[in-house]
Amino acid sequence: MAKAFKYGLKGIAGYLEPAERELLRSLFADVISMLEPAERANEDPLAALVGLDAEAREPSDRALRRLLPNVMKNDDDASLEFRRLTERSLREGKIGALKAAALGLDKDELVLTPADARHWSTALNDVRLVLAERLDIRDEADAEHVHLMQDWSQAEDVESYLALVYNFTTWLQESLVQAMLQSLEPHR
C-alpha cells in the first residue's frame, strides 16, 4: 500500500507498491500521448525551433482542452493567436514533467529533490485534470460523489474504476503538496 509523501532529512519521500507505480506509469504515458503534437511534413524548422505553431487549434477533446485551455474566454481570435505562440512550449513543459515523474517510478521508495517534487506535482495535476474531465466533475457536488468511491472491490465499471484512480492521485498529490509546503518552513 502506498505511503504518503513526507518531508524529512532525506527530502520528500514516499513509497508506492509495484502495481501503484505501474498505474501511475500508465497514466503518465496516456497523458503524454494526448499532449504529443501531430507530426507535420511541411513544418517550418525555424518556427518549430522557437516554439511557434501556426497550425495550432483549440483541441476538440475536452480533457485536452482542460490541459491546454483558451486564455481569453470572450476573444477567440486573441486566444488562438496566444495558442499559436505558446502551445508548443506548454505541451513540451507538461510532457517533460510527466516523463521526469515517470523516471522516478523505477524505485520502490521515492526520494524527491525540490525539482523532482515540482515535476511530480505538475504530472499528478495533469493526470487529475484529465480524470476529472472524463468523470464530468464540474462542481463540488460532483467531486463529493466521486470521493464516495473508496473500495477497490466495488469497482464494477469504467466510471467507478476512474473514480478510484482519481481519488488515489488526489490523495497522492495532496500529500506531496503538504510535504512541499513543510519543506519551505524554516527549520527550528
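From the N terminus on, the elements of the chain follow the order β-β-α-α-α-α-β-α-α-α, with seven helices and three strands in total. Helices (H or I, at least four residues) and strands (E, at least two) are DSSP runs, numbered from the N terminus. This is a predicted model, in which local features need pLDDT of at least 70 and side-chain atom pairs count only at pLDDT 80 or more, while totals for chains, interfaces and linings use all residues. Residues are numbered from 1 along each chain as its sequence is written, and side-chain values use heavy atoms, with hydrogens and water left out.

**Overall dimensions and burial**

- Taken along the principal axes, the C-alpha atoms of the chain fill a box of roughly 50 × 40 × 30 Å.
- Of the 188 residues in the chain, 37% are buried (buried means under 20% relative accessible area, exposed over 50%, partly exposed in between, with a 1.4 Å probe and protein chains only).

**Helix 5 and helix 7**

- Two packed helices are described by the angle between their axes and the distance between the axes.
- The axes of helix 5 and helix 7 come within 9 Å and cross at roughly 150°; this makes helix 5 roughly antiparallel to helix 7.
- Axes are lines fitted to C-alpha atoms, for helices over the stretch in contact, and angles run from 0 to 180 degrees between N-to-C directions; angles under 35 degrees count as roughly parallel, over 145 as roughly antiparallel, 65 to 115 as roughly perpendicular and the rest as oblique.
- The crossing of helix 5 and helix 7 is left-handed (the near helix is turned anticlockwise from the far one by less than a right angle; clockwise would be right-handed).

**Largest pocket**

- The largest pocket holds about 500 Å³ of space.
- A pocket is an open set of points, on a 1 Å grid over the protein atoms alone, where a 1.4 Å probe fits, with protein on both sides within 12 Å along at least five of seven lines; lining residues have an atom within 4 Å of a point.
- Grid points are joined across faces, edges and corners, and a volume is the space filled by probe spheres set on the points.
- Its lining has 20 residues, and Gln150, Leu164, Asn167, Phe168 and Trp171 lie nearest the centre of the largest pocket.
- Helix 1 (18-35), helix 6 and helix 7 (158-184) each supply at least two residues of this lining, and helix 7 gives the most, with seven.
- The lining of the largest pocket comprises 11 nonpolar, four polar and five charged residues (Ala, Val, Leu, Ile, Met, Phe, Trp, Tyr, Cys and Pro count as nonpolar, Asp, Glu, Lys and Arg as charged, and the others, Gly among them, as polar).

**Second largest pocket**

- The second largest pocket has a volume of about 180 Å³.
- It is lined by 13 residues, of which Ile12, Pro114, Ala117, Met180 and Ser183 are the closest to its centre.
- Strand 2 (11-15), helix 5 and helix 7 each supply at least two residues of this lining; helix 7 gives the most, with four.

**Individual residues**

- Leu164 is found in helix 7 and counts as buried at 3% relative accessibility.
- Leu98, in helix 4 (residues 76-103), is buried with a relative accessible area of 0%.
- Leu98 and Ala29 are 69 residues apart in sequence and 7.8 Å apart in space, C-alpha to C-alpha.
- Asp136 lies in the loop between helix 5 (114-134) and helix 6 (140-147), and has a positive phi of about 60° although it is not a glycine.
- Asp136 is partly exposed, with a relative accessible area of 39%.
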